[in-house]
Structure formats: structure tokens, C-alpha cells
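Dear colleague,

I am handing over a structure to you with this email, and below it you will find what came out of looking through it. Please keep the sequence and the picture open while you read.

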Amino acid sequence: MEDDNSEAKFGNDKLQLHVMTSFKMTFSSCGYFDLNYSLLQMIASTTAVYVVIIMQFDLSCSCINSNL
């Protein structure tokens, strides 16, 4: 009787493992775009580019003001 119970438990563990590995959870913004690591990477790289551009404008403005 105990063997049947252990077989059923092992079968349930295999089923739970299969469901956990085959189920892919995704987050989206009302279906417009997915919220995942590639979006975070894109946000970080865009922010870095904007910071570099702002720093370049700041340096060029300080050079112009020092020549006056």
C-alpha cells in the first residue's frame, strides 16, 4: 500500500516540475509591450546615452562662456 502512495507522490513531483518548467510568466503593459530584461537594458542604455549628450552640451557651453 505504501509503494502506491510513493509512486503517486513521485508522479505528482514530476508533473509539478513539468508545469513549473513549461509555464513562462510574462508581464506586459496592458498588452502594448512586454516588461522584461531587454526593456530594462534598453532603458538603461538610453539613459546612459542621454547623460553623455547632456554632459557634452554642458562642456561646450562652459567653453563658450569662458571665451567671452
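This is a predicted model, and of the 68 residues of the protein, 1% count as buried, where buried means under 20% relative accessible area. The accessible surface of the protein comes to about 6800 Å², and 65% of that area belongs to carbon and sulfur atoms.

As for the fold, the protein has 2 helices and 2 strands, which follow one another along the sequence in the pattern α-β-β-α.

Two residues in the loop between the strands deserve a careful look. F33 lies in the loop between β1, residues 27-28, and β2, residues 34-35, and C30 lies in the loop between β1 and β2 as well. For C30, the backbone has a positive phi of about 55 degrees, although this residue is not a glycine. As background, most residues other than glycine have a negative phi. C30 counts as exposed because its relative accessibility is 72%, and the cut-off for exposed is over 50%.

F33 has a relative accessible area of 42%, so this residue is partly exposed, a class that covers values between 20% and 50%.

Technical notes
Residues are numbered from 1 along each chain as its sequence is written. This is a predicted model: local features need pLDDT of at least 70, side-chain atom pairs count only at pLDDT 80 or more; totals for chains, interfaces and linings use all residues. Side-chain values use heavy atoms; hydrogens and water are left out. Helices (H or I, at least four residues) and strands (E, at least two) are DSSP runs, numbered from the N terminus. Buried means under 20% relative accessible area, exposed over 50%, partly exposed in between (1.4 Å probe, protein chains only). Accessible areas come from the Shrake-Rupley method with a 1.4 Å probe; for residues, only the protein chains shown count as cover.
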